[in-house]
Amino acid sequence: MSCSHPELSDTRVLITGAAARIGKTTAQHLADCGADVAIHYRSSEEPARRLRDELNDQGITCEILQADLTDVDELSDLVARADDAIGPINALVNNAAIWRDTPFGDVTHSQWDALFDTNLRAPFFLTQQFANRAADRPGACVVNLVDVFGKRPLVGYSAYGMSKAALWYMTEVLAAELAPHIRVNGIAPGTVLLNEDHDADMADELDERIPMGLTGGPEDVAETVAFLIGGPSYITGEVIAVDGARRHIAD
Ligand SMILES: NC(=O)c1ccc[n+]([C@@H]2O[C@H](COP(=O)([O-])OP(=O)(O)OC[C@H]3O[C@@H](n4cnc5c(N)ncnc54)[C@H](OP(=O)(O)O)[C@@H]3O)[C@@H](O)[C@H]2O)c1
C-alpha cells in the first residue's frame, strides 16, 4: 500500500492488538509511511515476531510488547514500556478489542467485564498514561478504533455496542480535555474484515446491504489512521466512519 503521509517519519506509535488483522495492516502501513512502531499483542506471539522481523528488515525501528489489557498490572506500564522500546511515542492507536454476540437475556457478568475491560477501560487508562507522558511531544495524538454500531443500535450485541458507544464519548470528551496538547480522534469502521464465523454466503449477504456494494478492507482503516496521525492538526474529537455508508441504511 503506498503512503501519502511521508511526514510520519517523525512518528513513534504504539498500536494495541497489532499482530493480526486490522492492527497488523495498520502497523505495516504506518511503517511504510516512515513511523517507528511498537506492536502490542496478547496471545499472537509468533505473528508479532514475524511482523517485527519483517519491519526490521525494511529498516524500521519496531519492537513487540506483550500484555493482557484486562490485567491492570500488565496494562499499567505499557506506554512506559513502549517509550523504552522505541523511544518516546507521540501516537497511540487503541485498536485491540473483542466482539461478542451477547443477546440481552444471556449476558453474563464475565462477558460484560471482558467487553468493557478490553474495549473501554484499557483505551481509557492507556490514554491516561500517554497523556501523562506525552503532552509536550510534538504531534501527540490518540486514535481510537470505535465502530459504527457505537452510534446506532445493533440488536443482539448490546454490551459490545455500549462499550464502543462509551469509547466514542471518550474520544469526544478527551479531545476537549487534552487540547491543545494532544489530539484525540476515532475511526468507526463498518464491516471491513469478517470474523472466522462468517461464511461466503453471509459475506455476500452483507455486501448487498452496504451502499458501496462491498465490505471494506483493513487498508481503508490503516490509511485513515495515517491521515489522522499525520493530517490536519486542527482535527480533534472527530470519529470518521469507514463503512461504505452502511450507517445510513436500515439493517
Ligand atoms: N473487523 C471489523 O470489520 C471491524 C468493524 C468495526 C470495528 N472494528 C474495530 O476495529 C478494531 C480492529 O478490529 P479487528 O477485527 O482487527 O480486531 P480483532 O481481530 O477482533 O482483535 C484485535 C486484537 O485485539 C487483541 N486483544 C483482544 N483481547 C485482548 C486483551 N485482553 N488484551 C490484549 N489484547 C487483546 C488480540 O490480540 P492477540 O491476537 O495478540 O491475542 C487481537 O488480535 C477493533 O477495535 C474492532 O472493534 C472492526
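Ala-245 counts as partly exposed because its relative accessibility is 27%, with the bands being buried under 20% relative accessible area, exposed over 50% and partly exposed in between (1.4 Å probe, protein chains only). Its place is in the segment after β7, and its phi is near 75 degrees, a positive value in a residue other than glycine. The model is a predicted one, in which local features need pLDDT of at least 70 and side-chain atom pairs count only at pLDDT 80 or more, while totals for chains, interfaces and linings use all residues. Residues are numbered from 1 along each chain as its sequence is written, and side-chain values use heavy atoms, with hydrogens and water left out.

Arg-21 also has a positive phi, about 55 degrees, although it is not a glycine. This arginine sits in helix α1; helices (H or I, at least four residues) and strands (E, at least two) are DSSP runs, numbered from the N terminus. With a relative accessible area of 42%, Arg-21 is partly exposed. Another backbone feature turns up at Ala-179 and Pro-180, joined by a cis peptide bond with omega of about 5 degrees. Pro-180 belongs to the loop between α6 and β6.

Arg-21 comes back at the largest pocket, where Arg-21, Ala-97, Ile-98, Trp-99 and Asn-195 lie nearest the centre out of 48 lining residues. A pocket here is an open set of points on a 1 Å grid over the protein atoms alone, where a 1.4 Å probe fits, with protein on both sides within 12 Å along at least five of seven lines; lining residues have an atom within 4 Å of a point. Its volume is about 1400 Å³, taken as the space filled by probe spheres set on the points, with grid points joined across faces, edges and corners. Helix α7 gives the most to this lining, with four residues. By class, the lining has 24 nonpolar, 12 polar and 12 charged residues (Ala, Val, Leu, Ile, Met, Phe, Trp, Tyr, Cys and Pro are nonpolar, Asp, Glu, Lys and Arg charged, and the others, Gly among them, polar).

The second largest pocket holds about 220 Å³ of space. Among its 15 lining residues, Pro-138, Gly-139, Arg-183, Ile-229 and Gly-230 lie nearest the centre.

Ile-229 and Gly-230 are also among the buried residues of α8, along with Pro-218 and Val-221. The buried residues of this helix pack against elements including β1 (12-15), α1 (21-32) and β7 (239-242), contact being heavy atoms within 4.5 Å. The 13 residues of α8 (residues 218-230) should span 18 Å at 1.5 Å a residue, and the end C-alpha atoms are 18 Å apart, which agrees; the expected span is 1.5 Å times one less than the number of residues.

As for aromatic rings, the count comes to four pairs, where rings of Phe, Tyr and Trp (its six-membered ring) pair if their centres lie within 6.5 Å, and planes under 30 degrees apart count as stacked, over 60 as edge-to-face and the rest as tilted. Trp-99 and Tyr-157 are stacked, because their ring centres are 4.5 Å apart and their planes at 25 degrees. This pair links distant parts of the chain, 58 residues apart. Tyr-157 is buried at 18% relative accessible area, whereas Trp-99 is partly exposed at 31%. Phe-124 and Phe-125 make an edge-to-face pair, 4.9 Å centre to centre with 75 degrees between the planes.
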